[in-house]
Amino acid sequence: MFQLGKTIVSEEILEKEFVCNLTACRGACCVDGDAGAPLSKEETQILEEIYPKVKPFLRKEGIEAIEAQGAWVKGEDGDFETPLIDGKDCAYVIFDGKTALCGIEQVYNQGIVTWKKPVSCHLYPIRVKEFSDFSAVNYHKWDICSPACSLGKELEVPVYKFVKEALVRKFGQEWYQELEKVGQEYQKGR
């Protein structure tokens, strides 16, 4: 672990390698698991605002789940998250053939909304836990991402480089530049 500003960062994001491999996993992270995507308070408001623009692109089951539960829910742990369809698929998931995709991101890609998707999804496999005085930045290992770990190893892409855009979105360019310096020193020491 090392500290960058008001974050405590796991060295695993420097050590582990990762590149999403949708052809292998088919977007399993959007349909597996027992909770929705973690959301910040600000993101709950964004979801409420953009839902009317996203709704026409969602599946019938997703619309029904959102209209029954809301654009976001409080999870069992009391944290905010995206609603699920029958306790499984994220309500915002759509499919391209057999591959799960984020419906919000697809609408963003078409220029209809300016918000890409929840930052927790954008950051994955990094998970951020907020505490009163700092944020903990950790690598999250999930078996369904084994193909991403294999591809990352093959391409030699460390986690922090794979999620650069998301880390800049979450913590800012200056923070990321400091992380890159730490990453370069780490690589020299290997």
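How many bridges join β4 to strand β5, and in which sense do they run? Strand β4 is joined to β5 (residues 80–81) by 2 bridges, and the strands run antiparallel.

## Basis of the report

This is a predicted model, in which local features need pLDDT of at least 70 and side-chain atom pairs count only at pLDDT 80 or more, while totals for chains, interfaces and linings use all residues. Residues are numbered from 1 along each chain as its sequence is written, and side-chain values use heavy atoms, with hydrogens and water left out.

Helices (H or I, at least four residues) and strands (E, at least two) are DSSP runs, numbered from the N terminus. Two strands pair if DSSP finds at least two bridges between them.

## The sheet of three strands

Strands β3, β5 and β4 form an open sheet of 3 strands in the order β3-β5-β4, with antiparallel pairing. At its edges stand β3 (38–39) and β4 (73–74), each of which pairs on one side only.

Another open sheet contains 4 strands in the order β1-β2-β11-β10, and its pairing is mixed. The edges are formed by β1 (2–4) and β10 (126–130); each has a single partner strand, so one side of each is left without a neighbour in the sheet. From one strand to the next, the twist averages 25 degrees (axes are lines fitted to C-alpha atoms, for helices over the stretch in contact, and angles run from 0 to 180 degrees between N-to-C directions).

Strand β10 pairs with β11 (residues 135–139) in the antiparallel sense over 5 bridges. In this pairing, K129 stands opposite A136 of β11. Helix α10 packs on the sheet, touching β1 and β2 (7–9), where contact means heavy atoms within 4.5 Å. The direction of α10 makes about 150 degrees with that of β1.

## Residue E178 in helix α10

Helix α10 spans residues 173–188 and includes E178. This residue is partly exposed, with a relative accessible area of 36%; buried means under 20% relative accessible area, exposed over 50%, and partly exposed in between (1.4 Å probe, protein chains only). E178 and E130 are 48 residues apart along the chain, and their C-alpha atoms are separated by 20 Å.

## Helix α4 and its faces

In helix α4 (residues 60–69), the residues G62, I63, A65 and I66 are buried. Seen down the axis of α4, the buried residues fall within an arc of 165 degrees, so they line one face of the helix; the arc is that of the directions from the helix axis to the C-beta atoms. These buried residues pack against α3 (41–54) and β6 (84–85).

On the other side of α4, K60 and A68 are exposed. Just after the helix, G70 takes a positive phi of about 110 degrees.

## A buried lysine in a loop

K117 is placed in the loop between α5 (103–109) and α6 (119–123). With a relative accessible area of 14%, K117 is buried. Not counting residues up to four places away in sequence, K117 touches E43, C102, I104, E105, H122 and R169.

## Cysteines

A disulfide is a pair of cysteine sulfur atoms within 2.5 Å, and by this rule the count comes to 0 disulfides.
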